Amino acid sequence: MLGVLALTFRFLLAGIALIVLKKLVDHVRSPLRQFDGPFLAKFTDLWRLLDIKTTRRCDITHNNLHKQYGPAVRMGPNCISLADPGLIKVVYTGRPRWKKSTMCTYPSLSPNKPPLTAPDNVNDALGPDGKTRITNLNSETNESAHDKTVAPIRSMYTMSNVKSFEPLIDPVITRLCAALESRFIDGANAGTSFDAADWMNYAAWDIMSEITFGKPFGFIDQGKDVGGFLATSQRGLDYFAVICQMPWLDLVLDKNPVKRIGAPSFSWAVEFSVGALVERYQQMAADGEKKVEEKPVKDFLDKFLEAKAKAEPGTIDDMQVVNFLLVNVLAGSDTTAITLGAAVYYLLKNPAVLKKLVRELDERELSTPVSWTETLELPYLNAVMQETMRIHGGVGLMLEREVPAGGFSLPDGRFVPGGTVVGMNPWVVHMNEEYFGPNTEKFVPERWMRRSEETTEQFEAREKKMKEATLTFGHGSRICLGRNLSRLEANKVIATLSKNYEWSLVQPEKDWKIRNSWFTYQSGINVTVKKRGQKAECDVAC
Ligand code: HEM
């Protein structure tokens, strides 16, 4: 027995020694040797995984590393982080297109694909049968498969089309205002504090649900995370952010055949989407399809079903429609909620900015809820929103791409070979003072306005430079599909809430909490709110 143990131990040691030796040889032979970075990054991606998991602020780590090592940092044996905004046009909009990295993929174990050949995504949702994989569009690495999937729906997300959803968004904003008033402003509830991060979440998820399915999830009405859906979604991202640094680990953890140790599944979102689809079919059968034609405002589900009907037979099936529905809800709700939360926080932390914004709102006759067209006439509001998305982008990991065969050279002459994974983190790029002006760590909406000493041409050139360096929604062929929707929604909500209410931080000196789990979640924006012009309870009583 002792002999067997000793032999096993020796095999183990020999195995470890071989791995270490291979790592050393790989390192010595690596064409990326010339790139500095954390010592362990030369040998393994594990350090990056641990940094994301333990700090939950890898954006800070990435910024510190670039301060220490310069514009290109070795982040793993085959991974480089780039900080120079001038490279956006090479990495994201260059031709031929640079493929997305395989950060979300691992060899497939799906029964309907040849085993261990075709990739699956770590963050795929599972269909109602619990087996069929619903590919996450954002993770698709095959550019032509991606283009084919997006083609029938791309035009639905142009600004002229998303404007058509305003009549569906307005009632949700009105319900948000009513809920804030009844729970935190009126009568005995006056002065009750709440976490604005929670309520911006409820608003963003209910708006997305309304325009996608024609009905809300119900977070605003119930004033809570109904069914724990939001927490489940966040736990999913907590897992993906970490595991996508070494995606093969997902096979051992979440996809092992014995017991899943991984992300909570998105089954609630799949069930909700499938339920909405079934309901819609029933409604169409009862009303006749003509009724849909006559609908004054079509939601996304109507439009996806129209696309299905128009498509070549067999190209868009019901599972694909469910996939489209999931894209909206899972990619567009948390991210927009983060923009709303960040706007509220930075406005309250910068009272002079808030005052200036309110003055701009007061100078106009605005509808309630404020319309998208009206917000376009509010230059300071737009500057506030741009600055919010610069200083607190909803995505806080590198947007990874694979360098095409043939490689490329950095501005300093260093060569990066084909097959290397490179990426830029919006949170790093947006700190660049050459592009965004001084004090990039501060919230200064004025950087997006014309300065008194600037000519119009000078301002436009400076603004163009900043916009081209803005990575909030990515760039190029894989730029965020929902960016117009998100901008429209955020402008309307922030304008309406700032126009109607006076917000205060409960402890102005206290900072919020940020958790970078790919999406940059916030909590601890504890506020009280009262109607504009209304005296605080204490003022009245005292
Ligand atoms: C402030 C809100 C949002 C932020 C910060 C954001 C951010 C991003 C970023 C950075 C990417 C590109 C990832 C990459 O290049 O690797 C992306 C892609 C994507 N986003 Fe958004 N997003 C937001 C809102 C939305 C909304 C509202 C929707 C849907 C209604 C949406 C749907 C998508 C989809 C489908 C992709 C994948 C596009 C593709 O691969 O072609 N996003 N988003």
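Biologist: Hi! How far is an oxygen atom of the ligand from an N or O atom in the side chain of Arg478?
Modeller: In this predicted model, that distance is 2.8 Å.

Biologist: How many residues surround the ligand, and which are the closest?
Modeller: There are 27 residues around the ligand, and the closest are Lys100, His146, Arg401, Arg478 and Cys480.

Biologist: How do the residues of that shell divide into nonpolar, polar and charged?
Modeller: Twelve are nonpolar, twelve are polar and three are charged.

Biologist: Which element gives the most to the shell?
Modeller: That's helix H15, with seven residues. H15 spans 318-349, and strand E8 (399-402) and helix H22 (483-500) also each supply at least two residues.

Biologist: Now the iron atom of the ligand: which donor does it have from the protein?
Modeller: A single one, the SG atom of Cys480, 2.3 Å away.

Biologist: And where is Cys480 found?
Modeller: Look in the loop between helix H21 (456-468) and H22.

Biologist: Changing topic to Lys499: is it buried or exposed?
Modeller: Lys499, which is found in helix H22, is buried and has no salt bridge.

Biologist: Why no salt bridge for Lys499?
Modeller: The nearest side chain of opposite charge, Glu374, is 7.5 Å away, and a salt bridge has to be within 4 Å.

Biologist: What does the side chain of Lys499 join up with in a polar contact?
Modeller: With the side chain of Thr368, in a polar contact of 2.7 Å.

Key
Residues are numbered from 1 along each chain as its sequence is written. This is a predicted model: local features need pLDDT of at least 70, side-chain atom pairs count only at pLDDT 80 or more; totals for chains, interfaces and linings use all residues. Side-chain values use heavy atoms; hydrogens and water are left out. A residue is near a molecule or strand if one of its heavy atoms lies within 4 Å of it. A polar contact is a pair of N or O atoms within 3.5 Å; within protein, one must be able to donate a hydrogen and the other to accept it, and residues adjacent in sequence count only if both atoms are side-chain atoms. Helices (H or I, at least four residues) and strands (E, at least two) are DSSP runs, numbered from the N terminus. Ala, Val, Leu, Ile, Met, Phe, Trp, Tyr, Cys and Pro count as nonpolar, Asp, Glu, Lys and Arg as charged, and the others, Gly among them, as polar. Donors are N, O and S atoms within 2.8 Å of the metal (3.2 Å for Na, K and Ca); water is not among the atoms, so sites may look incomplete. Buried means under 20% relative accessible area, exposed over 50%, partly exposed in between (1.4 Å probe, protein chains only). Lys and Arg count as positive and Asp and Glu as negative; His and the chain ends are not counted.
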